Every structure is written in C-alpha cells, then in structure tokens.
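This report describes the ligand surroundings and the sheet architecture of the structure shown below.

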Amino acid sequence: MIVLNQLSKTYSKKNQHIHAVENINLKIEKGEIFGIVGYSGAGKSTLIRLINLLEKPTNGSVFVNGQDITKISSKELRVVRRKIGMVFQHFNLLWSRTVFENIAFPLEIAHVSKQEIKDRVNQLINLVGLDGRESSYPSELSGGQKQRVGIARALANNPEVLLCDEATSALDPQTTDSILELIKEINKNIGITVVLITHEMHVIKKICHRVAVMEAGSIIELGNVLDVFTNPKKETTKKFIKQIVYDDDSHESMNHLIEKYSKGKIVILKYKNENIESPILSQLIKNNDVDVNILHGKVVQTSTGSYGTLYLQLTGNDITKALDYLISLGIEVEVMN
Amino acid sequence: MDKLNKLTEAFLPHVKWVKVLEYTYETLYMTAITTIFVFIFGLLLGLILFLTNENHILVKMINKILSTFINIFRSIPFIILIVLLIPFTNKIIGNITGKEAALPALIIAAIPFYARLVEIALREINKGVIEAARAMGASFFQIITKVLIPESLPALISGITVTAITLLSYTAMAGVIGAGGLGYLAIDEGFSRSRHDVTLVATIVSIMIVLVFQSVGDYTTKKIDKR
Ligand SMILES: Nc1ncnc2c1ncn2[C@@H]1O[C@H](COP(=O)(O)OP(=O)(O)OP(=O)(O)O)[C@@H](O)[C@H]1O
Ligand SMILES: [Mg+2]
C-alpha cells in the first residue's frame, strides 16, 4: 500500500543540517495497523508528513498504491491526498464550523454534492458515536469528542490510508482507549490501512499489528508487535517495552503465554502489601501436590504501598486444592485456561 | 417639532438641524465608501502579506517590499497625505474639493492600516488547521476562502470597526480641503465663527456615530466568534 524508498528529509538552516529522516526504506501492507514509536525528536512526525507530502522529501520516493507521488503535479497530489486521511494530536478542527460542517469540509473540497454530503456526514457522525452533537461547535466538545470529529473528517472521502500523528497523546488514558478501540474497529470493518505514531508503547500494544522503532531519523527495529515485545534487540526498544506492565488488559501477551505453556493451568495471582512478605509459594508447594513455574512477575511500589502480580503455570494433581489454598490466603486468583 | 425649534433657539441659537443632518450624511457617506474600499483592498493586501511571509527567497522579497511601502504610508501624517495627493485627486476625481475629493486620501491612508490588522488576524490562525486543510487536498484558493477568512473573521470584523472609527476622525481632517462633513461643521462653521454651540453639536453627533459603530462591531464579532 505504502512504500518508502530511500526517503530522507534534511532541514537546513545556514550551516546547520538536521537529518530529521535519514534513508528510510519501509513497506506498509494494505489493511494493517502500522505503529511507529520513538522518543521526541526521533523524526516520527516528519516521517508521517512525508507520506502525504506535507513535507517535501530531500531525497527518495513515496509510493502510494503503486504510484510515486513525489513525481506527480500538485493538482494530482491534491486528488491523491483525498484518499489519505490524517488525524492530528491537537485535532486541528475549524472552530468556526460545527461538528457537521467540520466533517463536511473535505467533502466540500472534493466538490461532492450537497445531498451526498448530508448523507455521508450523518453516516460518519453515527460511526464515531456523536449522534445529536452535529450542530455543536468544537469549543463545546471534550477532547475525546473532538478527536472523534477529527477521525470522522479524515474518513469522509473514503480514504485507503489513515495517518494518525499522536492522535491520542492529548487525551486521558480512558479516552485514549476508546479512541483506539474506534480506530481498531474502523480498520477491521473497512480494511483501511492505518499508520500510527506514538511515544506510548501501550498504544502500540493495544492496536498495532507491526511496529517500527525510530531513533535519530532511522528505523532501528521493525517487526510484528509480539516479536518485538517479547524479543527486543535494541536498547531503546527495551526501554519502551519497560513502559508496559503485564496488566490485566494485555490480552495479546496472555494469549501468547497460554499458547506457549499449554500444560496444566495458567493463573494470575494478585497480592497486596500484607501477603507479599509471607513465603506463599514455598507454602503452596509444600502443602499441595503441584509444581509451580513462574512465567512472569512484577511488584510495583506506589506511594501508598506495594502490590504484585505473578503469572504461574501450575501442573500436578492438586491444582484445585492449591487454588483454594491461595484464595484462603486472601490472594486474588484468576485462572486463564 | 415646534418644541425642538424653541429649545434650539434658546440654547443652541446657531444650530440648524437641517445642516447638521446634511453634514452627518456627508461624514457617513465618506466613511461608508472608504470603509468598503479599505475592507476589500486591505484584506487583499493583508492576505498577500501573510501568504508571502515564507522562507522562499523570492517570495520573501515581495513581502519585504510591500511591508516597507506599508510602513512608509502609515508613517505619513494624514493631513500631509491629503496635500500630497492633491494632484492625484485632481486627476481621478476631477476636482479637489467636496466630499468625493477626500476619498483617495482616506482610502490610501487606511488600506495599509487595515492590511496590517488583517495580517495580524491571519497569523493568529492555528497553523495546524491550515495544514489539516492541505492534508485533505484543499487548493490554495480553497484554503483562502474556506480556512483563512472564516477562521479569522471575528478579528477581521473588529479590525474593520477600528478602521472605520479611525476613518471617521480622518474625515474631520478632510474638512481642510473643503470635504464637508461634521469636521467642517465643527471647525469652519463652528469654531472659526465662534459659534461654540455648533461645535458642541457636531462633536456630540460624532461621538454618537463612533459609539454606534463600536457597538455594532462588537456585537457582530461576538456573534460569530465560536471559539
Ligand atoms: N520545520 C522544521 N525546521 C527545522 N527542523 C525541524 C522542522 N521540523 C522538525 N525539525 C527537526 O527534525 C527533528 C525531528 O522532528 P519531528 O517533529 O519529526 O520529531 P518527532 O519524533 O515527531 O517528535 P515529537 O515526539 O516531539 O513529536 C527534530 O530534531 C526537529 O527539531
Ligand atoms: Mg511529532
């Protein structure tokens, strides 16, 4: 769907040259959600803006749907851009227009008829869950609602690609989740290719199929999200993965564990302050006929105390008894298979 | 009406209301015509100033030249500008007195003023919104008509309000070339002939016009500002 070929962007000011993007080769498949993660200044925004040529490359080419868009006229480029939706961190809505008019904007630009605009916008408003808010102005909406308008607007001309530059970075965690859910759903239902930039690993974890890690203008690591998460090669990647705690919503990782350790039971134990100190595991093995394999564990220190999570594989004859024993200690037990 | 005449005779012996009405009309005429011209050409010039403010060398040069011109015209005192423009006025209007004769000077004085206000208003627009429009495939012209003007409209309106009020005071100065209007009434008919009641009435009418302009401008700005 998108092929970047030896793509570079250098900003030059007087004698200073900033290589924001340096010789990137990348192929993004049709229908995938492709994540790009990196620290501030890594060149993520520059890269995504090169995809729709908001930024002119210093070198290299950009293929969208097999067409080299660095070679076409500005008039042709405008037509291509209608098929590449873009969502921004700060929404970039027109404050002078209502929700309806904002979503109608790209359609007006594409000279769509009034009646068609009306139908399409209403359909989009429904898709992003903003029914009843069509005549509100952006200033009357919450951040999450504004981003829903941003997404609806980006989808108006039925694009084949959706570019998201930190689309959730200005939102709280809960709203972030709902927006990510929406993007995931749209990707599933209409098969749109999504390129998503973020500096939060959990955004990648939540919805991306593949991920590229960027540093100093280059892609330093690339692969399936699960592979990169379980087997990071570069220091920067490892640091990013540390952002992620194996928490209760990491279904992908959980499924992976269940697949890998098919014998016995996979259980998650959640402790609080008081039982962490007591030697529960040795007690568990002494009192029951079970073997315990620790898959993953974490103790988190917070300002008000600590809590821990343990992922165990239990095998043996007394699994049920062992679980009852753990529950009797006041530990939260969740059996995953 | 009779009562008004009696009151006038008692307190404002020299004021003739028909004359006041006539001069008010002249002032409003001059202000209205110039404001329309200034709005159109100032907007255009402001847009050019804004759009040429780029890192492109050639484009930047156009910007610098225009900017210098504007600064020069803005620093010429209006009263001197009128005098300087007498030959030019004579050529295009055909005479150098009367209410039409003041128009070229008024327009030329106010366009650079409003152009600067327009430029400031356009700079206030969130760059991201312009970028979003570009990303959607908007053309240069569509960006101007669908983004730049609507998004800066409140500031454009309040700017033209300020300009119209400035023009109002300029029309008073235009009285020196016999342009008529309330300024002429206050100075020539009033002050010069020691008819202070006439000066007073002309001033009060001027103030009232300013107040009306300002409230209409404020109301409109508030009405369309959805930020
Ligand atoms: N218009 C510009 N002129 C000069 N330098 C620029 C310009 N835009 C970006 N840069 C530089 O290019 C580098 C990459 O910037 P970019 O915005 O792509 O980073 P980013 O990864 O998106 O960072 P963030 O997470 O903070 O958004 C930075 O060093 C930045 O200073
Ligand atoms: Mg960025």
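## Chain B

Chain B contains ten helices and zero strands. Its pattern along the sequence is accordingly written α-α-α-α-α-α-α-α-α-α. The C-alpha trace of chain B spans about 70 × 40 × 25 Å along its principal axes. The model is a predicted one, and the values below are computed from it.

The shell around ligand 1 consists of A:Tyr11, A:Ile18, A:Ala20, A:Tyr39, A:Ser40, A:Gly41, A:Ala42, A:Gly43, A:Lys44, A:Ser45, A:Thr46 and A:Glu166. By residue class, five of the shell residues are nonpolar, five are polar and two are charged.

A polar backbone atom of A:Gly41 is 2.8 Å from an oxygen atom of ligand 1, and a backbone N or O atom of A:Ala42 lies 3.2 Å from an oxygen atom of the ligand. From the side chain of A:Ser45, a polar atom lies 2.7 Å from an oxygen atom of ligand 1. Ligand 1 taken alone exposes 630 Å², of which the protein buries 61%. Two elements of chain A give two or more residues each to the shell, namely strand E2 (16–28) and helix H1 (44–51). H1(A) supplies the largest share, with three residues.

## The four-stranded sheet of chain A

Four strands of chain A form an open sheet in the order E2-E1-E4-E5, with antiparallel pairing. Strand E2 and strand E5 (67–68) each have a single partner strand and stand at the edges, so one side of each has no neighbour in the sheet.

Strand E1 (residues 2–13) and strand E4 (residues 59–64) of chain A run antiparallel and are joined by five bridges. Within this pairing, A:Asn5 has A:Ser61 of E4(A) as its bridge partner, while A:Val3 stands opposite A:Phe63 of E4(A). H1(A) packs on this sheet and touches E1, E2 and E4 of chain A; the direction of the helix makes about 120 degrees with that of E1(A).

E1(A) is also joined to E2(A), with nine bridges and an antiparallel course. One of the bridge pairs places A:Thr10 with A:His19 of E2(A). The hairpin of E1(A) and E2(A) has two residues between the strands, and A:Lys14 takes a positive phi near 55 degrees there.

## The six-stranded sheet of chain A

A further open sheet in chain A has six strands in the order E6-E7-E8-E3-E9-E10, and its pairing is mixed. At the edges stand strand E6 (84–88) and strand E10 (218–224) of chain A; each has a single partner strand, so one side of each is left without a neighbour in the sheet. The twist from one strand to the next averages 15 degrees.

Inside this sheet, strand E3 (residues 33–38) and strand E8 (residues 193–198) of chain A pair in the parallel sense over five bridges. A:Phe34 has A:Val195 of E8(A) as its bridge partner.

## Helix H1 of chain A

H1(A) gives three residues to the shell around ligand 1 and packs on the four-stranded sheet, touching E1, E2 and E4 of chain A. H1(A) also lies across E3, E6, strand E7 (161–165), E8 and strand E9 (210–215) of chain A, where it runs at about 155 degrees to E8(A).

Methods: Residues are numbered from 1 along each chain as its sequence is written. Chains are lettered from A and ligands numbered from 1 in the order in which they are written. This is a predicted model: local features need pLDDT of at least 70, side-chain atom pairs count only at pLDDT 80 or more; totals for chains, interfaces and linings use all residues. Side-chain values use heavy atoms; hydrogens and water are left out. A residue is near a molecule or strand if one of its heavy atoms lies within 4 Å of it. A polar contact is a pair of N or O atoms within 3.5 Å; within protein, one must be able to donate a hydrogen and the other to accept it, and residues adjacent in sequence count only if both atoms are side-chain atoms. Accessible areas come from the Shrake-Rupley method with a 1.4 Å probe; for residues, only the protein chains shown count as cover. Ala, Val, Leu, Ile, Met, Phe, Trp, Tyr, Cys and Pro count as nonpolar, Asp, Glu, Lys and Arg as charged, and the others, Gly among them, as polar. Two strands pair if DSSP finds at least two bridges between them. Contact means heavy atoms within 4.5 Å. Axes are lines fitted to C-alpha atoms, for helices over the stretch in contact, and angles run from 0 to 180 degrees between N-to-C directions.
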